[in-house]
Amino acid sequence: IMIMFLGISGGAKESLSPDHKLSFVYQVLTLIPITVFLLFQGYELYYYVVVIVIVYLLTQLNIIKQEHMQKKELVKKENEIRKVQELLKVKQNRLEYFFDENPLAVLAFNKDLIVTDCNIKAVDLFNNHNLIGLNLNELKDMRPVETIQNSITGGPQIYKGPYHTLTGLDLWIEVKCLPIINSANNVTGGIMIIENKTKENHAQEELEYQAYHDTLTSLLNRR
């Protein structure tokens, strides 16, 4: 009979495991009455059985408690992971919006200066549909490259000046380079925000030319 009760107790622990309180109460109600009954039989052998049953009951209760704590901790970690995933999704959506809706050309690159992403403005600016995968270290016009490299090790950088594109365009650009830093505070790459200043530069050069040249003869003004 005792073995039968112990078997019922063990099986109930598994079937009632989703509700640790119910499982706890069931174990107590199942084993305590039979333990009290044996205790008052007056046989020495029963005393040993009572001790074994009590040890078994305490073990079962401890297991139930540990399983509950583990499940509680697991649920907590799952909730934390879910919150992090939701936060990452929000950040990803913001980054995608930043790329897609930005009126300026934007390129992302890794630590090896390989372009990993770009928006349509960048494609239009450089008239190049093959920007992703481009190695910035291998540009024909290397003038902006040092600024890009320095952004990986030295923080935000700015380049202002001329640039000759791979498709033969001559531009005057302003490039802002920002490092991308992960949660471990390690730089994983960077972002370039590129503004085409060609028209402004031409206008500035024209103003400077007119300031020092006669409008009729194009000769230098005498001072």
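Me: Helices (H or I, at least four residues) and strands (E, at least two) are DSSP runs, numbered from the N terminus. Which helix gives the largest share of the nonpolar patch?
Reply: Helix α2 (residues 20–39), with three residues. The model is predicted, local features need pLDDT of at least 70 and side-chain atom pairs 80 or more, while totals for chains, interfaces and linings use all residues. Residues are numbered from 1 along each chain as its sequence is written, and side-chain values use heavy atoms, without hydrogens and water.

Me: Which residues make the nonpolar surface patch?
Reply: Ile32, Val36, Leu39, Phe40 and Tyr47 make a patch of about 480 Å². Tyr47 lies in helix α3 (residues 44–101).

Me: Why does Tyr47 count as partly exposed?
Reply: Its relative accessibility is 39%; buried is under 20%, exposed over 50%, and partly exposed in between (1.4 Å probe, protein chains only). Tyr47 therefore counts as partly exposed.

Me: Which residues have the most contacts inside the largest nonpolar core?
Reply: Leu107, Phe126, Leu136, Met192 and Ile194, in a core of 24 residues. Such a core joins buried Ala, Val, Leu, Ile, Met, Phe, Trp, Tyr and Cys through side-chain atoms within 4.5 Å. Elements giving two or more residues to this core include β1 (105–110), α5 (145–154) and β5 (187–196). Apart from it lies another core of five residues, among them Phe99, Val106, Ile191 and Ile193.

Me: What do the buried residues of α5 pack against?
Reply: β1, β3, β4 and β5, by contact (heavy atoms within 4.5 Å). The buried residues of α5 are Val145, Thr147, Ile148, Ser151 and Ile152. Gly155 follows α5, and its phi is positive, near 85 degrees.

Definitions and conventions
Patch = residues over 30% accessible without salt bridge, like charges linked within 9 Å, V, L, I, M, F, W, Y side chains within 5 Å. Areas by Shrake-Rupley, 256 points an atom, 1.4 Å probe, with all protein chains shown as cover. Salt bridge = Lys/Arg side-chain N within 4 Å of Asp/Glu carboxyl O.
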